[in-house]
Amino acid sequence: KRDMAAIYDLVGDKVREIFDAQVVVITTVDSTANLIRYNYLVENGKRLRPEPHVPFPLAERLFRSGKPLIVRTIKEFEDLGAQVTPGTAPTLSGIYVPLTFSGELRGGISLQNLDRENAFDESDLHLLETLASSMSVALDNARLFDETQTRNREITQALEQQTATSEILRVLAESPTDIRPVLDAVASSAARLCEADDVQIYQVDGNSLRQIDHFGPLPALQDGEALPLVPGLITGRAVLERRTIHVKDMRKLNETEFPDSVALQRRLGHLAAISTPMLREGIAIGAIVVRRNEVRPFSERQIALLGTFANQAAI
């Protein structure tokens, strides 16, 4: 398996099976943020998912020395400054082994007993060390594969964005006085790269927002129809306040705050949306809206990308 989460689960489950352990924990260290992250934690058969936190003294000692550790009694835990991870039970004895990826200490694996002291001996420690050594190879391979896949996706996304930008600039150059082909290119590119079902482009017309382009199968405004430029409409507020507004679930909109958008959503049926103002020399001259017919948040990259398309549409 090359999926990191799947490998952590597989390794954790196998360690539980081999040792019949009450508690198995696999952690990684985020050195940049100085946080311990829990990739696997099972306590008495229950999967727990604690929030990341700064390393406790026991973890700091393990990572500083890079050597395995066996803690036999409560007194030894106290002497080491051990702390209980929020949401878990106190440990009476445990063994702790570092995990090394590509020659660097990246985390650790531990077995813990909640009921008795002296639950583990040197043979347990040596066996866990042997397993940790093999695990490190598998985890490192999975990490490298995951990083490569992520990088490939980033490169692909960057190329797609550059291609879309070049296409829009080409259309703009070929149609300097005809706005329709340019807006069509912006709308179709925004729909594809933002993974949206639908794109609407609005232009400010006095106290109204006039739809000047629509791409996609979702219901939209009728020809000649306009929306009020008011803060009770999400797109209206995005224009008035010159900021992007991301709504992850249109059904949860506050009707008191956005009465116009609630009424529009009931009519058109979209479930998630981003409204981004089109700014020209600091003045909002319209907005571009992407919509989805499902409750699925847009990513930060997609939100930033929509800002790029809004700038091109404004030009």
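Leaving aside neighbours within four places in sequence, which residues is arginine 237 in contact with? The list is Val230, Pro231, Arg242, Arg243, Ile245, Glu257 and Phe258, where contact means heavy atoms within 4.5 Å.

## What you're looking at

This is a predicted model, where local features need pLDDT of at least 70 and side-chain atom pairs count only at pLDDT 80 or more, while totals for chains, interfaces and linings use all residues. Residues are numbered from 1 along each chain as its sequence is written, and side-chain values use heavy atoms, with hydrogens and water left out.

## Arginine 237 and helix H6

Arginine 237 belongs to helix H6, residues 234-241. Helices (H or I, at least four residues) and strands (E, at least two) are DSSP runs, numbered from the N terminus. With a relative accessible area of 13%, arginine 237 is buried; buried means under 20% relative accessible area, exposed over 50%, and partly exposed in between, using a 1.4 Å probe and protein chains only. Its side chain makes a polar contact of 2.8 Å with the side chain of glutamate 257. A polar contact here is a pair of N or O atoms within 3.5 Å; within protein, one must be able to donate a hydrogen and the other to accept it, and residues adjacent in sequence count only if both atoms are side-chain atoms.

Six of the eight residues of H6 are buried, so the helix is largely enclosed by the rest of the structure. Those six are Ile234, Thr235, Gly236, Arg237, Ala238 and Val239, and they pack against E7, E8, E10, E11, E12 and helix H7 (259-268). Just after H6 comes arginine 242, with a positive phi of about 50°.

Two strands pair if DSSP finds at least two bridges between them.

Now follow strand E7 (residues 198-205). Seven bridges tie E7 to strand E8 (residues 208-215), antiparallel, with valine 199 partnered by phenylalanine 215 and tyrosine 202 opposite glutamine 211. The hairpin of E7 and E8 has two residues between the strands, and glycine 206 takes a positive phi near 65° there. E7 is also joined to strand E12 (residues 283-292) by six bridges, again antiparallel; aspartate 198 has arginine 291 as its bridge partner in E12. Out towards E9, E8 pairs in the antiparallel sense over three bridges, including the one between leucine 209 and leucine 227.

Axes are lines fitted to C-alpha atoms, for helices over the stretch in contact, and angles run from 0 to 180 degrees between N-to-C directions.

The axes of H5 (residues 179-193) and H8 (residues 300-314) come within 10 Å and cross at roughly 175°. From H5, Leu183, Val186, Ser189, Ala190 and Leu193 meet Arg301, Gln302, Leu305, Leu306, Phe309, Gln312 and Ala313 of H8. These contact residues divide into eight nonpolar, three polar and one charged. Here Ala, Val, Leu, Ile, Met, Phe, Trp, Tyr, Cys and Pro count as nonpolar, Asp, Glu, Lys and Arg as charged, and the others, Gly among them, as polar.

## Asparagine 113

Elsewhere, asparagine 113 is placed in strand E6, residues 104-113, and is buried at a relative accessible area of 11%. Its side chain makes a polar contact of 3.4 Å with the side chain of glutamine 22 and reaches the backbone nitrogen of arginine 116 at 2.9 Å. Not counting residues up to four places away in sequence, asparagine 113 touches Gln22, Thr91, Leu92, Ser93, Ala119 and Phe120.
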